[in-house]
Amino acid sequence: MESVIRVEKLCKSYEQITAVKNVDISIRPGEVFGLLGANGAGKSSTMECILGTKKQDSGTVSILGMNPQKGRKKLFEQVGVQFQEANYQDKIRVEELCELTASLYKSPLDYVKLLSQFGLSDKRKSQVSELSGGQKQRLFIALALIPNPKVVFLDELTTGLDARARRDVWKSLSDLKEKGLTILLTSHFMDEVEALCDKIMILKKGESIFCGTVQEAIAASPYEKFEDAYLWFTDEEERENESISDAS
Amino acid sequence: MRAFRTLLKTECKLSLRGMDMFIFAICLPVVLIIILGMVFGNKAAYDGAAYSFLDQSFGAVTTIAICAGGIMGLPLVISDYRNRKILKRFQVTPISPVLILAVQLVIYALYSICSLVLVYTVGAVFFGYHLQGSWLHFLAAYLLVMVSMFSIGLLVGGIAPNTKIAGVAASLLYFPMLIFSGATLPYEIMPATLQKVADILPLTQGIKLLKAAYLGLPMNGVIAPVMVMIVLAVICSSISIRFFRWE
């Protein structure tokens with residue numbers, strides 16, 4: 001089956017700094033793909049180039065067979081996006097934000113149902129800024145689902161949440177996965193990645209240093225736990241530097 | 001169209017919830033016209049003038065809302081929405097972020113029109129004000145002033161790197177214009193030197209234009225203000241379109 005998201009030789013740099021270098025990604029329908037890496041490793045830049053909110057220097061991107069910049073109007077009828085930063089108007093209420101979001105699409109889902117599905121029915125009249133961290137994140141997933149998308153992009157979905165709230169969010173995502181939604185997410189939490197992702201890519205200084213399943217990542221490292229394996233992949237250079245400074 | 005309507009409805013609610021525009025664009029001009037009416041009544045604008053002081057000030061007062069919306073409201077909302085990445089969020093929907101900016105322009109235009117209607121009604125009902133010149137000329141001039149003031153706001157909001165700088169720039173433009181262009185403090189009572197300085201402000205020119213239109217003064221004196229307004233609108237909008245940043 002053809003890829004839902006296909007990225008080939010993606011490069012992006014800001015002035016002198018290389019943010020993304022020769023990244024290839026291919027995500028099949030129904031797959032949950034995790035983009036990992038330290039802060040500044042190029043996760044957000046990669047995601048933004050894929051979405052077309054940033055223009056890549058070279059390389060090609062297609063989502064559902066469309067170019068995200070040229071086919072923006074048509075493509076984003078079928079794609080839900082949740083950015084890392086909370087981007088909503090000051091003083092806006094939950095219901096208003098949902099209604100507004102729904103009005104942007106030709107055939108949106110019923111947001112009242114989505115809110116109840118995410119346990120937010122009693123918060124409809126509340127201001128978004130008054131919700132707790134977990135409630136906000138659940139609201140943002142619900143918003144990303146309003147277009148009834150085939151693909152969703154979730155950037156650092158659970159950063160800043162407590163353990164309980166994170167589990168709730170995972171549960172929501174697992175349900176979506178079962179329904180066959182294709183998901184591209186970025187995360188800093190390895191337990192989350194292990195629980196949700198079919199495939200991962202680890203980025204370091206804009207380059208892919210690993211791409212495959214979580215099991216493959218563990219197998220390729222000298223460790224048994226994924227978090228150790230991840231750190232082993234990302235820390236290599238620092239370890240070398242440390243041993244050099246120890247020696248001197 | 002559905003998106004536009006929903007956005008307009010929501011953004012109107014949010015703007016009213018913020019209260020600032022309600023105070024500065026709706027209440028302030030009405031209060032001012034009442035004060036001017038009570039203080040000067042129907043006194044002639046100057047000895048032997050064919051129109052009263054209130055007549056003379058009407059146009060100036062109607063620009064307060066344009067100034068508040070265009071110079072203060074617009075830059076702040078644009079830079080705030082950019083800063084909060086709301087414009088960016090619209091880039092990943094089927095709707096262009098241009099729509100939300102268009103909605104803001106409509107909202108500030110609505111505030112201005114509401115204010116104009118209110119100021120006129122208060123003037124007419126309580127102080128017997130009536131427009132001497134042509135409504136058509138007046139509304140055309142009003143529209144031109146609105147377009148040029150809003151273009152300044154688009155420029156400031158479009159290129160200010162962050163909300164703070166947008167706020168400072170907006171204040172630096174707004175307060176001198178509000179006070180010295182004749183919008184609040186009547187231009188006619190300013191000393192001649194101050195009038196010369198005030199003439200530099202684009203709104204002063206706009207108010208002169210309005211005044212000529214509603215007092216029915218000869219139109220030969222308005223070429224300069226009209227040109228100033230048009231040139232300003234063209235320059236500001238081109239620069240803001242050229243250098244606009246979505247994030």
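Predicted model: local features only at pLDDT ≥ 70, side-chain atom pairs only at ≥ 80, totals over all residues.
Does A:Asp175 count as buried, partly exposed or exposed, and at what relative accessibility? At 30% relative accessibility, A:Asp175 counts as partly exposed; here buried means under 20% relative accessible area, exposed over 50%, and partly exposed in between, with a 1.4 Å probe and protein chains only.

Residues are numbered from 1 along each chain as its sequence is written, chains are lettered from A and ligands numbered from 1 in the order in which they are written, and side-chain values use heavy atoms, with hydrogens and water left out.

Let's start with chain B. Its secondary structure comes to 10 helices and 0 strands, where helices (H or I, at least four residues) and strands (E, at least two) are DSSP runs numbered from the N terminus. The radius of gyration of chain B is 18 Å, close to the 18 Å that the globule rule gives for 247 residues, so chain B is as compact as a globular protein of that length. That radius is taken over C-alpha atoms, and the rule is 2.2 Å times the number of residues to the power 0.38. Along its principal axes, the C-alpha trace of chain B spans about 65 × 35 × 30 Å.

Of the 247 residues in chain B, 54% count as buried. Among the contacts in chain B with a separation of 6 or more, 76% come from residues 24 or more positions apart, a contact being heavy atoms within 4.5 Å. Chain B exposes about 10700 Å², with carbon and sulfur atoms supplying 75% of it; the areas come from the Shrake-Rupley method with a 1.4 Å probe.

Now for charges. Chain B carries 17 positive and 8 negative side chains, and the centres of the two sets lie 14 Å apart. Lys and Arg count as positive and Asp and Glu as negative, without His and the chain ends; each charge is placed at NZ of Lys, CZ of Arg, CG of Asp or CD of Glu.

Over all chains, the structure holds 19 salt bridges, each a side-chain nitrogen of Lys or Arg within 4 Å of a carboxyl oxygen of Asp or Glu. One of them joins B:Lys13 and A:Glu96 at 3.5 Å, N to O. This pair crosses between chains, from helix H1 (residues 2–18) of chain B to helix H3 (residues 94–103) of chain A. B:Lys13 is partly exposed at 34% relative accessible area, whereas A:Glu96 is buried at 6%.

Within chain A, A:Arg166 forms a salt bridge with A:Asp191, the closest N and O atoms being 2.8 Å apart. The partners sit 25 residues apart, in helix H6 (residues 163–178) and helix H7 (residues 190–196) of chain A. A:Arg166 is buried, at 12%, and A:Asp191 is partly exposed, at 34%.

Back to A:Asp175: its side chain meets that of A:Lys171 in a salt bridge of 3.1 Å, N to O. The two are 4 residues apart in helix H6 of chain A, which means a separation of about one helical turn. Elsewhere, salt bridges that share partners join A:Asp90, A:Lys91, B:Asp80 and B:Arg84 into one network.

Finally, some backbone angles. A:Glu15 is not a glycine, yet has a positive phi of about 45°. Its place is in the loop between strand E1 (5–14) and strand E2 (17–27) of chain A, and A:Glu15 is exposed at 80%. A:Asn22, also not a glycine, has a positive phi of about 50°; A:Asn22 lies in strand E2 of chain A and is partly exposed at 45%.
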